[in-house]
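Please look over the protein chain shown here before reading on. The briefing after it goes from the overall fold to single residues.

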Amino acid sequence: MKLIIAVVQDKDSNRLSKHLVKKGYRATKLASTGGFLKEGNTTFLIGVKDDEINDVLDIIQENCRSREQTVSPVSVMGGNVDSYVPYPIEVEVGGATVFVLQVEQFHQL
Ligand code: 2BA
């Protein structure tokens, strides 16, 4: 068994969870915050059998888009005067950042 951890943009999270449920996959959604932008995103925990990984990765890829985001200097640097950059910057966020971990044990007690 594997645990897929996927960080996705909030805008994609409802569509992704709908498609996961439709295909019979169980997932937990956690409200999370990106360390760089300090904005909300959604982290999915998805426990799957080894042979289901590629199918779930496809579902994630189909339902998560990458977007350009303009970030104001203050929100990036958290208002730190020493590291202040006086112009906005563009970053490309997502589709999804995905980790696949080996699960040692799985219990539902
Ligand atoms: P954030 O940390 O808020 O990052 C948002 C986007 O800002 C990133 O998009 C990337 O394009 C840019 N970015 C992040 N750190 C940067 C840096 N040090 N310098 C320049 N640009 C930077 P993504 O790479 O698609 O990441 C989207 C979200 O996925 C991240 O939000 C974070 O919540 C998560 N994530 C990405 N890589 C991760 C990692 N290695 N470990 C844990 N979470 C990660």
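This is a predicted model: local features need pLDDT of at least 70, side-chain atom pairs count only at pLDDT 80 or more; totals for chains, interfaces and linings use all residues.

Residues are numbered from 1 along each chain as its sequence is written, and side-chain values use heavy atoms, with hydrogens and water left out. The chain holds 3 helices and 6 strands, where helices (H or I, at least four residues) and strands (E, at least two) are DSSP runs numbered from the N terminus.

**Overall fold**

- Read from the N terminus, the order of the elements is β-α-β-β-α-β-α-β-β.
- Of the 109 residues in the chain, 31% count as buried, a word that stands for under 20% relative accessible area, with exposed meaning over 50% and partly exposed the range in between (1.4 Å probe, protein chains only).
- Among the contacts in the chain (heavy atoms within 4.5 Å) that link residues at least 6 apart in sequence, 69% join residues at least 24 apart.
- The accessible surface comes to about 7,400 Å², and carbon and sulfur atoms account for 53% of this surface; such areas are computed by the Shrake-Rupley method with a 1.4 Å probe, and for residues only the protein chains shown count as cover.

**The largest nonpolar core**

- In soluble globular proteins, nonpolar side chains tend to be buried together.
- A nonpolar core is a set of buried Ala, Val, Leu, Ile, Met, Phe, Trp, Tyr and Cys residues joined through side-chain atoms within 4.5 Å.
- The largest such core here has 14 residues, of which Leu16, Leu20, Phe44, Ile46, Val48, Val56 and Ile60 touch the most other members.
- Two or more residues of this core come from each of strand S1 (2-9), helix H1 (10-22), strand S3 (40-48) and helix H2 (53-63), and the largest share, 4 residues, is given by H2.
- Setting aside residues up to four places away in sequence, Leu20 touches Tyr25, Ala27, Phe44, Ile46, Val56 and Ile59.

**The largest pocket**

- At least two lining residues are supplied by each of S1, H1, S3, S4 and strand S5 (89-93).

**Two residues with polar contacts**

- A polar contact is a pair of N or O atoms within 3.5 Å; within protein, one must be able to donate a hydrogen and the other to accept it, and residues adjacent in sequence count only if both atoms are side-chain atoms.
- Arg67 lies in strand S4 (residues 67-71), and its side chain makes polar contacts with the side chains of Gln9 at 3.1 Å and Asp12 at 2.9 Å.
- Arg67 and Val93 are 26 residues apart in sequence, yet their C-alpha atoms are 5.4 Å apart in space.
- Thr42, in strand S3, counts as buried because its relative accessibility is 7%, and its side chain forms a polar contact of 2.7 Å with the side chain of Asp10.

**Residues in and after strand S6**

- Val98 is found in strand S6 and counts as partly exposed because its relative accessibility is 32%.
- Leaving aside neighbours within four places in sequence, Val98 is in contact with Ile4, Ile5, Ala6, Leu57 and Ile60.
- Val103 lies in the segment after strand S6 (96-102) and touches Met1, Lys2 and Leu3, not counting residues up to four places away in sequence.

**Backbone details in loops**

- A cis peptide bond, with omega of about -20°, joins Gly94 and Gly95, and Gly95 is placed in the loop between S5 and S6.
- Lys38, in the loop between strand S2 (27-33) and S3, has a positive phi of about 60° although it is not a glycine.
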